[in-house]
Amino acid sequence: MSPEPAPVPRPPLDATRVREVMKNRGMGDLWVSQATGSTNDDLVARSKAGPLAHLSVETTEHQVAGHGRLGRGWETPDRSSLAISIYFRPDAGFDPAGLPWLSMLCATAMVQALNERTGLAAGLKWPNDVVAGGFKLCGVLAQLVLTPEGPAVVVGAGLNVSQERAELPVPTAGSIALLGGRTTDRSELMAGYLDKVADLYGAFAAVHGRAGEPGPGDALSLRQAIARHMVSIGHQVDAHLPDGTVLRGTAEDLGAEGALILRDSAGKLHHVLAADVFHLRRSDGNYA
Ligand code: BT5
C-alpha cells in the first residue's frame with residue numbers, strides 16, 4: 001500500500017442517484033443524515049417508532065459513534081466512507097433460521113459490488129469482514145429487532161472509501177483509495193451495493209430463507225454463493241472463540257448453519273459458530 005496516494009476529494013453523497021436504484025429494485029425509504037452516532041441505532045429506533053417498509057435504508061455522511069461487534073467501535077472521518085444500514089422484514093413464509101444469514105448476505109453483496117465497481121479482488125473473511133489484499137475494507141453488524149409485525153433484522157455495513165493511512169484506526173484496515181481501486185465515488189458504490197443486496201435477498205426470499213436450497217432456476221444456494229467468495233477456505237487460521245480459547249486449523253468450508261468448518265492438526269472437524277478469525281501469514285508474506 002505504498003507510496004501513499006494523493007488525497008481523494010470527498011463530495012457529498014448523491015441521494016437522488018441512490019434513490020433511483022432503490023426505486024428500480026422495489027426497495028423502501030432512504031434517510032440520509034449529515035452526522036449521527038450510529039446508522040444501525042437510528043434504523044432500529046425508527047423501526048420501533050412505527051412500521052417501516054422492507055429494505056428501507058439509513059445512511060449518514062459522518063458516523064461519529066459507530067458500533068463494531070462485541071461492544072467494539074467503528075471509526076470513520078466525515079465523508080470518507082459509507083455507513084449503510086438496511087431494514088429486512090421478511091414475510092411470514094420466511095424460515096426464521098434464515099435471519100442470521102442476512103449479515104453474510106450483505107457482506108457477500110459488498111464483495112460482489114467491490115469486485116465489479118473497483119476492480120479490487122475483494123473477498124469475505126468469515127464471518128462477515130470484507131477484505132482485499134489482506135486489509136479490512138468493510139465490516140458488517142446485524143441486530144435483531146422484534147416488531148409487532150414479526151422479527152426484523154437491521155444489517156449495517158461500514159465501507160472505507162477514501163481514508164488515508166493515518167485516518168485508519170488499525171494497521172489491518174485499508175480503504176479503496178489506499179488499495180488503488182478504480183472508483184471512490186460513494187454514490188456509485190452505495191448504489192452498486194444495494195443492487196447486489198436486492199439480487200441476493202430476492203433469490204434468498206424466493207427459497208423462503210433456506211440457505212442450503214438452490215436459488216430459482218438452479219442458481220447457487222445462498223450458502224454456496226457466500227462460500228465461493230470466502231478467502232479463508234483452504235487457509236490456516238486461528239479462531240479466537242468467545243470463551244477465550246484459540247482453535248487453530250485449516251478452514252475447509254461454510255457449514256449448513258453458517259459455521260466455519262475447521263480441521264485441526266489431529267484431523268478433527270470443528271463447526272465454529274462465533275469467533276474472530278485470524279489468517280496465519282503465508283510464506284509469501286500475505287495473509288490471504
Ligand atoms: C465490525 O466489527 O467490523 C462491524 C462494523 C460495522 C460498522 C457499521 S457502519 C454502519 C452500521 N452502524 C454501526 O453503528 N455499525 C455498522 P468488528 O469485527 O468488531 O470490528 C471492529 C474493530 O475493527 C475495532 O475494534 C477496530 O479495531 C477496527 N476498526 C474500527 N474502525 C475501523 C475501520 N474504519 N476500518 C477497519 N477496521 C476498523
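Analyst: Helices (H or I, at least four residues) and strands (E, at least two) are DSSP runs, numbered from the N terminus. The model read this way is a predicted one.

User: Which element gives the largest share of the lining of the largest pocket?

Analyst: Elements that give two or more residues to this lining include α2, β3, β4 and β5. Also among them are β7 (129–132), β8, β9 and β14 (276–279). The largest share is five residues, and the element that supplies them is β8.

User: What volume does the largest pocket have?

Analyst: The ligand takes up the space of this pocket. Its volume is about 960 Å³.

User: Which residues of the lining are the closest to the centre of the largest pocket?

Analyst: The lining counts 43 residues. They divide into 19 nonpolar, 17 polar and seven charged. The closest to the centre are W74, D129, K136, V170 and T172.

User: Which residues come nearest to the ligand?

Analyst: Start from the shell of 26 residues around the ligand. At least two residues each come from α2 (39–49), β3 (66–67), β4 (73–74), β5 (81–88), β8 (135–147) and β9 (150–160). The residues that come nearest are S38, H67, R69, R72 and K136.

User: What percentage of the ligand's accessible area does the protein cover?

Analyst: On its own, the ligand has 800 Å² of accessible area.

User: Which residue does a cis peptide bond join to W126?

Analyst: Look in the loop between β6 (122–125) and β7. The omega angle of the bond is about 5°. The partner of W126 is P127.

User: Where is L55 found?

Analyst: Phi of L55 is near 60°, a positive value in a residue other than glycine. The place of L55 is the loop between α2 and β2 (56–60).

Key: Residues numbered from 1 in each chain as written. Predicted model: local features only at pLDDT ≥ 70, side-chain atom pairs only at ≥ 80, totals over all residues. Heavy atoms only, no water. Near = heavy atom within 4 Å. Areas by Shrake-Rupley, 256 points an atom, 1.4 Å probe, with all protein chains shown as cover. 1 Å grid on protein atoms, 1.4 Å probe; cavity = no way out; pocket = protein on both sides within 12 Å on 5 of 7 lines; lining within 4 Å. Sits in = over half its atoms within 2 Å of the grid points. Points joined across faces, edges and corners; volume = space filled by probe spheres on them. Nonpolar A, V, L, I, M, F, W, Y, C, P; charged D, E, K, R; others polar.
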